[in-house]
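Welcome to this short tour of a protein structure. Please take a look at the sequence and the picture before reading on.

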Amino acid sequence: MGMTISEKILAKAAGKDKVEPGEYIIGKIDLAMFHDLTGPLTLNVLKEVGYDKPWDPNKIVIIFDHQVPANSITTAELHKILRAYAKKYKIKLHDVGNQGICHQVLAEEYVKPGMLVVGADSHTCTLGALGAFATGIGSTEMAAVVLTGELWFRVPESIKFELKGNLRNGVSAKDIILYIIGKMGVDGALYCAAEFTGDVSKLSIDSRLTICNMAIEMGAKTGIINPDEKTFEYTNVPSSYGNIRSDNDAEYIDEIEVYLDELLPQVALPHSVDNVKPVSEVEGIEVDQVFIGSCTNGRLEDLEAVAKILKGRKVKTRTIIIPASPKVYLEAEKRGYIRIFLEAGAVVCNPNCGPCLGGHMGILADDEVCVSTSNRNFIGRMGSPKAKIYLVSPQTAAVTAIEGKLTDPLKYVGV
Amino acid sequence: MIFKGRVWLFGDNIDTDLIIPGKYLVITDPKELAKHVFENIIESFYTKVKPGDIIVAGKNFGCGSSREHAPLAIKAAGISAVIAKSFARIFFRNAINIGLPVIISDKARDVIKENEVILIDLENGYIERENGERLMIEKYPKFLLEILKDGGLLQTLKRKFGSDND
């Protein structure tokens, strides 16, 4: 019996020829990341241990992204202690100026296919899009990783999602993953590796990152995609780069086909990510705020789609746009997207997580409705527990901003 | 490890934003976090909970973020253990790592009543109800039980690294 890509990466990290689902292993970590909200708890643990020297400073990255630049004295203090720790051990730090959403920064600069990546953030699963095994962990176990470079894993069962066909204009990767979560439920892939195959190869790396990003929203340990030429080019490695793909006879606990041709724009209604319907069925809901950004949809491809729609138009509702990283921001600026956003009447903020988790830059008041390209619509996620969050694609968010109410983007592509 | 306490019943998919909203994540002191635990679903939960109380929930408890603030807040509020049909994986790991017992039981949520006083015997793998009924629970792998017995991963790390501080 062959192995899945997840099993291969975990076997290699454990120094074994073969591993099987359900088996517990100790894996050697290739890359560890923590940020400004989870990092301070890790440093607290190291302080209590009384020993804080990292096993390998070159394999650790600290990224400020949740509340940056500091929005309060408390946050400023957290940044200060993380800065001091990074300086003490010469750990790479993404501070103000080269801050950005951690998963995007890791994708752009650090992750290679075949790596075992852990991040103290649940959306670390995003990076499986690059053929790495990447998963979120907590702060205390991050302290263990910092000290030892190792962590225990239960080898997950894999579920195969085979994408088939082509998306129509106005439908994007976000609609694919919302549709899948709607079918699977928020615990439908609990503890599993969600492997996306088939015509996922036709999708860009940006789209693949969006899909893997939300694997956690159906409980998965990671989302993962076999690397191909696009992956090798994006991660700047030769195409001869190891045998990092699932064997044809690998075993899956479930195989699900997802047909793209007929897929319509999707929306996750309050207050659960699996409460998914086609946008066309719930159009017309009045909206107070549109947020375009986050580790799900703050990439160049997303901003390009939004710019195409907003060009020469004005938004009717307050609209916050946040590029995911400085690299994305700069390229969007070069291509004229930022000007389009500003002329349309949106506000563009510096790369960071923004209002996605209710930290700053667009917190919601009681009874407000937000249409957001982010990944969670839990009660209280973006501020008031009485606010409502609708999760959509960048295309749906952009046309909603123009109309001031939830709108199907297919209307704007002449279908 | 044996725990005895009064039960609070919760539903399915209790997410980390319901446990501790994102706006409090800049707080790192567990006692301060505890003041806000579950505040969006049970008003003043913190003042109502008593030391030793036990949460009995449905499926996928702790889904969402990797925030360790969530189990920390629950533990610091005085909750001695969480029983659920299933847990989100990062929450499950975090809870054990900070020394909060998390127990998987398929039946508990369906039969146990609010405010009932129950007993959990982790090593022997059962929950005992007020009426004497025993429910079997999933046993941990040995190394996880060891971490819990230590009181969390911090103690394990202290043992390993605490003495050779440079």
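A salt bridge is a side-chain nitrogen of Lys or Arg within 4 Å of a carboxyl oxygen of Asp or Glu. By that rule, 3 salt bridges cross the interface of chain B and chain A. Keep in mind that this is a predicted model.

**Where chain B meets chain A**

- The contact brings together 42 residues of chain B and 47 residues of chain A.
- Chain B and chain A bury about 3900 Å² between them, and carbon and sulfur atoms carry 61% of that area.
- Which three residues supply more than any others of the area that chain B buries against chain A? They are Val26(B), Arg89(B) and Arg93(B), which supply 19% of it.
- One salt bridge to look for joins Asp17(B) and Arg381(A), whose closest N and O atoms are 3.1 Å apart.
- There are also 14 residue pairs in polar contact between chain B and chain A, counting pairs with both residues at pLDDT 80 or more.
- On the side of chain B that touches chain A, the elements giving two or more residues are helix 1 (16-19), helix 4 (69-76), helix 5 (89-97), helix 7 (142-150) and helix 8 (153-161) of chain B.
- Helix 8 of chain B provides the largest share of that side, with 6 residues.
- Sorted by class, the residues on the side of chain B that touches chain A are 16 nonpolar, 14 polar and 12 charged.

**Two domains in chain A**

- Chain A is divided into domain 1 (5-259) and domain 2 (267-410).
- Taken over C-alpha atoms, the centres of domain 1 of chain A and domain 2 of chain A are separated by 24 Å.
- Each domain has its part in the contact: 40 residues come from domain 1 of chain A and 40 residues from domain 2 of chain A.
- Domain 1 and domain 2 of chain A bury about 2900 Å² between them, with 56% of it on carbon and sulfur atoms.
- Within domain 1 of chain A, the residues that lose the most area to domain 2 of chain A are Ile101(A), Lys174(A) and Leu178(A), together 20% of what that side buries.
- How many salt bridges does the rule find across the interface of domain 1 and domain 2 of chain A? The rule finds 1.
- Elsewhere in the list of salt bridges, Arg376(A) pairs with Glu217(A), and their closest N and O atoms are 3.1 Å apart.
- Polar contacts between domain 1 and domain 2 of chain A number 23 residue pairs, both residues being at pLDDT 80 or more.
- Helix 4 (102-109), helix 6 and helix 7 (205-213) of chain A are the elements that give two or more residues to the side of domain 1 that touches domain 2.
- The largest share of that side, 6 residues, comes from helix 6 of chain A.
- The side of domain 1 of chain A that touches domain 2 of chain A has 13 nonpolar, 20 polar and 7 charged residues.

- Ala173(A) lies in helix 6 of chain A.
- Is Ala173(A) buried or exposed? Ala173(A) counts as buried because its relative accessible area is 4%, and the cut-off for buried is under 20%.
- Ala173(A) and Ser207(A) are 34 residues apart in sequence, yet their C-alpha atoms are 5.2 Å apart in space.
- Apart from neighbours within four places in sequence, Ala173(A) is in contact with Leu167(A), Ser207(A), Thr210(A) and Ile211(A).

**Backbone details to find in chain A**

- Most residues other than glycine have a negative phi, and most peptide bonds are trans.
- Val68(A) and Pro69(A) are joined by a cis peptide bond with omega of about -10°, and Pro69(A) is in the loop between strand 3 (60-63) and helix 3 (73-88) of chain A.
- Another cis peptide bond runs from Pro270(A) to His271(A), with omega near -5°.
- His271(A) is in the loop between strand 12 (266-268) and strand 13 (276-278) of chain A.
- Lys90(A) is not a glycine, but has a positive phi of about 55°.
- Lys90(A) sits in the loop between helix 3 and strand 4 (92-94) of chain A, and is exposed, with a relative accessible area of 72%.
- Tyr191(A), also not a glycine, has a positive phi of about 70°.
- The loop between helix 6 (173-184) and strand 9 (193-198) of chain A holds Tyr191(A), which counts as partly exposed at 26% relative accessibility.

Definitions and conventions. Residues numbered from 1 in each chain as written. Chains lettered and ligands numbered in written order. Heavy atoms only, no water. Helix = DSSP H or I, 4+ residues; strand = E, 2+ residues; numbered from the N terminus. Buried < 20%, exposed > 50% of the residue type's maximum accessible area, 1.4 Å probe, protein only. Contact = heavy atoms within 4.5 Å. Buried area = accessible area lost by both parts, 1.4 Å probe. Polar contact = N/O pair within 3.5 Å; in protein donor to acceptor, adjacent residues only side chain to side chain. Nonpolar A, V, L, I, M, F, W, Y, C, P; charged D, E, K, R; others polar. Domains from an automatic or database assignment.
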